[in-house]
Amino acid sequence: MRARTVYFKVEDMQPVTDFWSSFLGMELTKKSKNWCEFNLGNVRLGFLLNDFGDHYSGARSAVMF
């Protein structure tokens with residue numbers, strides 16, 4: 001078994017995708033209002049907009065497996 005997609009729920013999509021685009025040195029491969037992702041070879045790194053009213057403390061995001 002292997003992970004094909006790893007994604008994070010985020011509260012503000014733009015600063016997150018700006019940071020990861022700069023850090024990875026690549027552009028997004030998919031982008032919509034609530035979902036963005038990078039293709040990292042065999043793994044997709046995705047970000048889901050937290051528009052469900054979930055509240056997190058600390059890093060303000062949640063890792064989903």
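Predicted model: local features only at pLDDT ≥ 70, side-chain atom pairs only at ≥ 80, totals over all residues.
Trainee: In what pattern do the helix and strands of the protein chain follow one another along the sequence?

Mentor: The protein chain contains 1 helix and 5 strands. When these elements are read along the sequence, the pattern they follow is β-α-β-β-β-β.

Trainee: Why can β4 be called largely enclosed by the rest of the structure, and how many of its residues are buried?

Mentor: A residue counts as buried when its relative accessible area is under 20%, and in the protein chain as a whole, which has 65 residues, 23% count as buried. Strand β4 is largely enclosed by the rest of the structure because the number of its residues that are buried is 5 of the 7.

Trainee: With which strands does β4 pair, and in which of them does the pairing run in the parallel sense?

Mentor: On one hand, β4 pairs with β3 in the antiparallel sense over 6 bridges, and within this pairing phenylalanine 38 stands opposite leucine 45, while cysteine 36 has phenylalanine 47 as its bridge partner. On the other hand, threonine 5 has arginine 44 of β4 as its bridge partner. That bridge brings us to the pairing in the parallel sense, which also extends over 6 bridges and joins β4 to β1.

Trainee: Which residue takes a positive phi in the hairpin of β3 and β4?

Mentor: Strand β3 takes part in a hairpin with β2 as well, where 3 residues lie between the strands; β2 (residues 30-31) and β3 run antiparallel and are joined by 2 bridges. In the hairpin of β3 and β4, there are 2 residues between the strands, and the residue with a positive phi, near 80°, is glycine 41.

Trainee: Which residue forms a salt bridge with glutamate 37, and how far apart are the closest N and O atoms?

Mentor: Side chains of opposite charge can pair when their charged atoms come close. Glutamate 37 counts as buried because its relative accessibility is 4%, whereas arginine 44, at 24%, counts as partly exposed. The limit for a salt bridge is 4 Å, and the count comes to 1 salt bridge. Glutamate 37 forms a salt bridge with arginine 44, and the closest N and O atoms are apart by 3.8 Å.

Trainee: How far apart are the end C-alpha atoms of helix α1?

Mentor: Helix α1 covers residues 13-24, which makes 12 residues. At 1.5 Å a residue these should span 16 Å, and the distance between the end C-alpha atoms agrees with this, being 16 Å.

Trainee: Which residues of α1 are buried, and how wide an arc do they cover around the axis?

Mentor: The buried residues of α1 are Met13, Thr17 and Ser21. An α-helix has 3.6 residues a turn, so residues three or four places apart point the same way. On the other side of α1, Ser22 and Phe23 are exposed.

Trainee: Against which strands do the buried residues of α1 pack?

Mentor: Serine 21, which lies in helix α1, is buried with a relative accessible area of 17%, and, residues up to four places away in sequence not being counted, serine 21 touches Met26, Glu27 and Phe38. Taken as a group, the buried residues of α1 pack against β1 (5-10), β3 and β4.

Trainee: What distance separates the C-alpha atoms of asparagine 50 and aspartate 12?

Mentor: Asparagine 50 lies in the loop between β4 and β5 (62-64), and asparagine 50 is buried, with a relative accessible area of 11%. Although asparagine 50 and aspartate 12 are 38 residues apart along the chain, their C-alpha atoms are separated by 8.0 Å.

Terms used:
Residues numbered from 1 in each chain as written. Heavy atoms only, no water. Salt bridge = Lys/Arg side-chain N within 4 Å of Asp/Glu carboxyl O. Buried < 20%, exposed > 50% of the residue type's maximum accessible area, 1.4 Å probe, protein only. Helix = DSSP H or I, 4+ residues; strand = E, 2+ residues; numbered from the N terminus. Pairing = 2+ DSSP bridges. Expected span 1.5 Å × (residues − 1). Contact = heavy atoms within 4.5 Å.
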